[in-house]
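Trainee: Could you take me through the sheet in this model, with a close look at its strands and the helices that pack on them?

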Amino acid sequence: MALAQLGSIVLIGAGNMGGAMLSGWLKNGVPGSSVTVIDPSPSEAMKLTIAEAGARHFAAPTNELAADILFLAVKPQLMDAVLPPLKPMVGAGTVVVSVAAGKTLSYLQGYLGDAAMVRAMPNTPAMIGRGVTGAYANPKVTEAQREAVQALLKVSGPVEWVASEADIDAVTAVSGSGPAYVFYLVECMAEAGRKAGLPADLAMRLARETVSGAGELLHQSPDDASKLRQNVTSPGGTTAAALSVLMAEDGMQPLFDKAIAAARKRAEELGS
């Protein structure tokens with residue numbers, strides 16, 4: 001579906017994630033005239049983006065607003081205050097899209113009614129167009145609405161639809177929180193390099209560029225991760241020596257199993 005044909009879009013929240021999505025929409029063909037942004041205090045840069053695009057901006061919802069797509073991009077802890085005034089703009093043809101972690105569709109329906117809804121979980125690389133988003137649509141979402149939401153989410157990277165809302169908690173644990181795991185990997189590699197005798201700043205540069213370069217190779221290569229790993233692992237070599245530790249029974253896999261389980265449990269708790 002063409003981004004220029006999505007109807008009226010009301011974006012609630014133009015902070016880091018909401019602002020990044022808005023910028024992506026505008027760059028990819030969403031007419032500014034079809035977008036309304038509701039945010040009490042957008043940054044000066046975001047104000048300029050909104051004005052230059054010809055979009056509308058309100059500090060708070062107004063009664064005359066209606067939305068074909070109501071996009072909720074506010075922090076979960078703000079939802080109780082943000083949602084009540086939005087119900088008048090949710091009509092029979094509205095699809096509500098939420099990117100708030102842990103907030104279930106039943107929670108949203110408590111404020112906005114029994115509407116077509118999509119719960120989505122992007123991650124922070126969406127801010128540079130390299131994210132990935134998991135999404136779940138409730139049964140009220142039509143095929144046309146799903147295509148419209150797909151088009152909006154896709155400007156930030158691939159979109160993966162899941163079969164049940166419960167799967168969104170696992171998506172949150174793997175990809176939603178996942179960038180932090182990668183950043184911590186860089187920290188750990190750099191610290192290990194320092195302990196091996198390298199200057200701390202050099203160890204950090206090496207670790208940072210190695211992880212970002214490996215990520216780009218993974219992005220561009222048709223091979224899966226295990227094949228790429230095998231390609232750089234010579235039998236009896238240095239990489240094999242390191243992997244014998246990382247891939248041991250008490251190595252990275254059980255640690256990641258515990259980490260993902262902890263993140264998923266917390267996502268479930270936030271939604272209860």
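Mentor: Happy to! Two strands pair if DSSP finds at least two bridges between them, and strands (E, at least two residues) and helices (H or I, at least four) are DSSP runs, numbered from the N terminus. This is a predicted model, where local features need pLDDT of at least 70 and side-chain atom pairs count only at pLDDT 80 or more, while totals for chains, interfaces and linings use all residues. Residues are numbered from 1 along each chain as its sequence is written, and side-chain values use heavy atoms, leaving out hydrogens and water.

Now the sheet itself: eight strands form an open sheet with mixed pairing, in the order S3-S2-S1-S4-S5-S6-S7-S8. Strand S3 (56–58) and strand S8 (159–161) each have a single partner strand, so one side of each of these edge strands is left without a neighbour in the sheet. On average, neighbouring strands are turned by 20° against each other, direction ignored; axes here are lines fitted to C-alpha atoms, for helices over the stretch in contact, and angles run from 0 to 180 degrees between N-to-C directions.

Within the sheet, strand S4 (residues 67–72) and strand S5 (residues 90–98) run parallel and are joined by five bridges. Leu72 has Ser98 of S5 as its bridge partner.

Helix H5 (residues 143–154) lies across S1, S4, S5, S6, S7 and S8, and runs at about 145° to S8. Helix H6 (residues 166–176) also packs on the sheet, where H6 touches S6 and S7 and makes about 30° with the direction of S6.

How values were computed. Contact = heavy atoms within 4.5 Å.
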